[in-house]
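Let's take a friendly walk through a protein model, one region at a time. Have the picture open while you read.

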Amino acid sequence: MTPQADARFMALALMLGRRGMGRVWPNPAVGCVIVNDCNIVGRGWTADGGRPHAEAIALAQAGSAADGATVYVTLEPCAHHGKTPPCSNALIKANVARVVIAADDPDERVNGRGIAMLRDAGVQVDCGVGNKAAARDHAGFLSRITQGRPFVTLKLAGTLDGRIATATGESQWITGPEARRMVHMMRARHDAVMVGAGTVRADDPSLTVRGLGIVHQPVRVVVSRALKIPVTSQLAQTARDTPVWLCHGPEADVAGWTAKGAVSLPCATAANQVDPHAIMTTLADQGITRVFCEGGGMFAASLLNAGLVDQLVVFSAGAAIGAEGTPMLAAMGVDQLIGAPRFALESVRPIGGDICHVWSKSPGDEIEP
């Protein structure tokens, strides 16, 4: 295969893998393409719930055509016996000639072992094709493995002057229907959607994916130290239909919510709030790899101050409310610019009558949320 062909087939594998985003946690959303004599004979992506793995699905589709083929996979094939046999063994058994891998798997159960198994069996292994794109696509899985926390996207939406509501609390709708539809698409690509208690009290959101024909729903996470939120809220009333997890302080009275079907996840507190780091550790322990946070202002500020925001997505509407309106972010205690959280601009694009700009912790290629 030429380098151009390798890049083209890996791009297809990456595109397939993205279909599993938000649906396969705690596993990574892997894509796989099998090519024999320049023809695609098998393709797959991680199935809902994390199994079967992408390689197994692609091999089943390829059948005997996998013999002597080249396999493109977005993450190092697994090398351990879990609920399924190792994918590296499956590739060896299928007698593939070459495996092209975009990114290494740092999981201690893999971490080079999958590559070593393939090479020991005489399979040619080439690594790094599509590595930057794979690192973005697998950022949640990689963050959970290497940092013990999920990848966090913070979404903010407001006016040109950074307001999310008028002085009377009116906020629906500042941005247009196209922007709101895009937010639903973003929710669908994350394992969990997270808000603070203030947002639940003010907006009574459902936090579900709607209007896209998508059945799968992310876990809905509510962060509240004392959990002083009425159980008449939409979230509580629908907790048995779509999961609701409560990250709360040890003193919170959770009985009313758990009676409705919500899951209690006690977290340590600090400075009179639920510790943001404890929240992320708790979610990672539950298998969550990608979190989409929708505020409100106090909770968003606490995540930024804690350095836990990996990606910032901001929708700006062509309107101005003025200083009496509610700001996007609560006070952060920044008295010198050197102490302000900084992000690198990744992309800017119009969404209907609004603007969406995406920011990342570090410079890189454009990130599509």
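When this report says that two residues pack or touch, it means that they have heavy atoms within 4.5 Å. Keep in mind that this is a predicted model.

Start with helix H12, residues 297-305. Here 7 of its 9 residues are buried, namely Gly297, Phe299, Ala300, Ala301, Ser302, Leu303 and Leu304. What do they pack against? Quite a list: strands S6 (151-158), S8 (192-196), S9 (219-224), S13 (273-274) and S14 (290-293), plus helix H11 (276-285).

After H12 comes Gly307, with a positive phi near 70°.

In soluble globular proteins, nonpolar side chains tend to be buried together. In this model, the largest nonpolar core has 37 residues, and Val33, Ile34, Val96 and Val99 have the most contacts inside it. Several elements supply at least two residues each, including strand S1 (31-36), helix H2 (54-62) and strand S3 (70-73). Helix H1 gives the most, with 7 residues.

There is also a second, separate core of 32 residues. Leu303 belongs to this second core, along with Val152, Ile279 and Val314.

## An open sheet with helices on it

Now look for an open sheet of 5 strands, in the order S2-S1-S3-S4-S5, with mixed pairing. Which strands stand at the edges? They are S2 (39-45) and S5 (124-127); each has a single partner strand, so one side of each is left without a neighbour in the sheet. Neighbouring strands are turned by 15° against each other on average, ignoring direction.

Zoom in on S1 and S3, which pair in the antiparallel sense over 4 bridges. Val33 has Tyr72 as its bridge partner in S3. H1 lies across S1, S2, S3 and S4, at about 140° to S1. H2 packs on the sheet too, touching S1, S2 and S3, and its direction makes about 145° with that of S2.

Thr175 sits in the loop between strand S7 (163-165) and helix H7 (177-188). Is Thr175 buried or exposed? Its relative accessibility is 11%, so Thr175 counts as buried. Beyond its neighbours within four places in sequence, Thr175 is in contact with Ala157, Arg180, Phe315, Ala317 and Asp354.

Ala344, in strand S17 (residues 344-351), is buried as well, with a relative accessible area of 18%. Ala344 and Ala301 are 43 residues apart in sequence, and their C-alpha atoms are 18 Å apart in space.

How values were computed
Residues are numbered from 1 along each chain as its sequence is written. This is a predicted model: local features need pLDDT of at least 70, side-chain atom pairs count only at pLDDT 80 or more; totals for chains, interfaces and linings use all residues. Side-chain values use heavy atoms; hydrogens and water are left out. Buried means under 20% relative accessible area, exposed over 50%, partly exposed in between (1.4 Å probe, protein chains only). A nonpolar core is a set of buried Ala, Val, Leu, Ile, Met, Phe, Trp, Tyr and Cys residues joined through side-chain atoms within 4.5 Å. Two strands pair if DSSP finds at least two bridges between them. Axes are lines fitted to C-alpha atoms, for helices over the stretch in contact, and angles run from 0 to 180 degrees between N-to-C directions.
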